[in-house]
Amino acid sequence: MADYAGRLPVATPESQPYWDGLKEHKLMLPTCDDCGPHFYPRPFCPMPDCFNWDIKWTQASGKGKVHTFVISHQPIPPYNSEDNAPPYVIAVIELEEGPRMMSNLIIDDPYQTTVDMDVEIVFDDVTDEVTLPKFKPV
Amino acid sequence: MDQIRHKVAIVGAAETDDLGQLPHMSRLALHAQSARNALDDAGISLADVDGLLCAGAIPNEVAEYLGIQPRYIDGTSVGGCSFMIHVRHAVAAIMAGYCDVALVTHGESGRSGVDAPRGGSASSPGGQYEAPFAIGGAPTTFSIPVLRHFHEYGTTKEHLAHIAAATRAWANLNPMAMMGSHRRAPERGGGPITPQDVLNSRMICYPFNLLDCCVVADGGGALVLVSEERAKDYAKDPVYVLGAGEAAAHWMVSQMRDHTTADGYRIAGEAAYKSAGLGPQDIDHCMFYDAFTFTPLMAAEDLGFVPKGEGGPFFAETRTGPDGEVIYKSGPGGDFPMNTNGGGLSYCHTGMYGMFAIIESVRQLRGECGDRQVPDVNVSMAHGPGGMFASAGTLILANA
């Protein structure tokens, strides 16, 4: 794990609870009482007619659908070694709660991926410090 | 129509001396050589420039490098459409008296990487929420909306492949085009291609094969703008700005509101049509930024040339010419002439291609295009995205 080759996120003070949640294998979403959860984490509700700064963190179910996707054939780290080689799926997941997020779909044959396919979260502990939210078909 | 129509003109437009692989030139040298060529095209001196607009560089960097001290600057740098937006801002600045002669410059060492800034912060939204998922530049992100469009509207890879073939046919008529038959031998992939060649080319990032993707090049380009009152004092016929629009819709492609519609295209397009007092039926010639085959399809739909979802069949329409040749909808002889320089797909793409789209609109309107000249071009549209459909800029230009 120490030699993880992919790019790693660095949290900001505003996103720290999101990354802390992932480390505990929880997908936490910033949530407005009136408008619901949003992605990506911001300390306010990003609906222009709301712009409420009273945000709570709520746990998402981890269920969703593939909204759209691509199959990359590029050897981009961490998909650049013999046992982790392209092709791989980059997908936009629409969470059950509504927001959409980019991720990878963990699937044996990338070409079996379909738009609107049901998926659920997989917590990928890529280093001791960072857990990435990935998805797999249900 | 609003007050900007026909108030400012483009009087100079040119690329760098060469495009392609230019490892002997830095980013700022490309800006400077473009500036010289556009000023020469206008027949005007660098000393006359008092407004400077550029992307991919801080205006001060370019001003210092050129040795000028402009009294108006704009460093809007929102990707490939930055230059359409610069033209719009230059129109406003000239009308307000903030400057008299505006110079817009582009220079990018997109292939050789000589002083080419790369990558963003790992703490930025892109660094936290997209980069960790093995995003590898535009082929893996500009492709993201495509399969949703396929799913909703039945668009296919075969449809997109026709755009690549049509655009290559234009490149074959342009001596400057990197993949055209003038510059690249067939055994190195140059010259005519068919839709089947596109589908047979190497897979880069499904749904994009190699020939769905633009070339990667070094180069630059520049424009000179002045007020309509002075526009006839220069070397070439003026090209007037009739309408212009711009928008910022999102930044990360995962956060695009609707992956089948570019909101920015619609907002910028509506503003351009409104200021020009024109609609899609009035446009004779289109330069639609083509980083990938899908990009201009989205423009044709979101700018009202074809109903939403019908872009695929529209571009895949072909007919047979007098000598048995295939005539593509958007290719030479087709009834929707688009990307007549050979496009980002086959002419040149530095990273921020929008400048080259504007230059070709200017040349078509001046009637300077030789073998690829489209007959009767009086109104041309140059339109592009910045980022992955994130921002947008639209220009409606005319020769009278």
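**Exercise 1. The sheet of chain A**

Solution. Strands here are DSSP runs of E with at least two residues, helices are DSSP runs of H or I with at least four residues, and both are numbered from the N terminus. Two strands pair if DSSP finds at least two bridges between them. The model is a predicted one, in which local features need pLDDT of at least 70 and side-chain atom pairs count only at pLDDT 80 or more, while totals for chains, interfaces and linings use all residues. Residues are numbered from 1 along each chain as its sequence is written, and chains are lettered from A and ligands numbered from 1 in the order in which they are written.

Step 1: within this pair, L29(A) stands opposite T58(A) in β3(A).

Step 2: strand β1 (residues 28-32) of chain A also pairs with β2(A), in the antiparallel sense over two bridges. C32(A) stands opposite G36(A) in β2(A), and three residues lie between the two strands of this hairpin.

**Exercise 2. The overall form of chain A**

Task: state which secondary structure chain A contains, and compare its radius of gyration with that of a compact globule.

Solution. Step 1: chain A has one helix and eight strands, in the sequence pattern α-β-β-β-β-β-β-β-β.

Step 1: the radius of gyration is taken over C-alpha atoms, and the globule rule is 2.2 Å times the number of residues to the power 0.38. For 138 residues a compact globule would have a value near 14 Å; chain A has 16 Å, which agrees.

Step 2: the C-alpha atoms of chain A fill a box of roughly 50 × 35 × 25 Å along the principal axes.

**Exercise 3. Where the chains meet**

Task: identify which element gives the largest share of the side of chain A that touches chain B.

Solution. Step 1: 30 residues of chain A are in contact (C-beta atoms, placed from the backbone, within 7 Å) with 27 residues of chain B.

Step 1: the elements of chain A that give two or more residues to this side are β4 (63-72), β5 (88-95) and β6 (100-105). The largest share, six residues, comes from β4(A).

Step 2: β4(A) also pairs with strand β5 (residues 203-206) of chain B, in the antiparallel sense over two bridges. I71(A) stands opposite Y206(B) in β5(B).

**Exercise 4. A helix of chain B**

Task: decide whether the residues of helix α10 (residues 294-302) of chain B are buried or exposed.

Solution. Step 1: a residue is buried if 20 or more other C-beta atoms lie within 10 Å of its own, exposed if 12 or fewer, and partly exposed in between; C-beta atoms are placed from the backbone.

Step 1: nine of the nine residues of α10(B) are buried, so the helix is largely enclosed by the rest of the structure. Among them are F294(B), L297(B) and D302(B).

Step 2: the covering elements of chain B include α6 (146-153), α9 (263-276) and β12 (379-386). After α10(B) comes G304(B), whose phi is positive, near 85°.

Conventions
Two residues are in contact if their C-beta atoms, placed from the backbone, lie within 7 Å.
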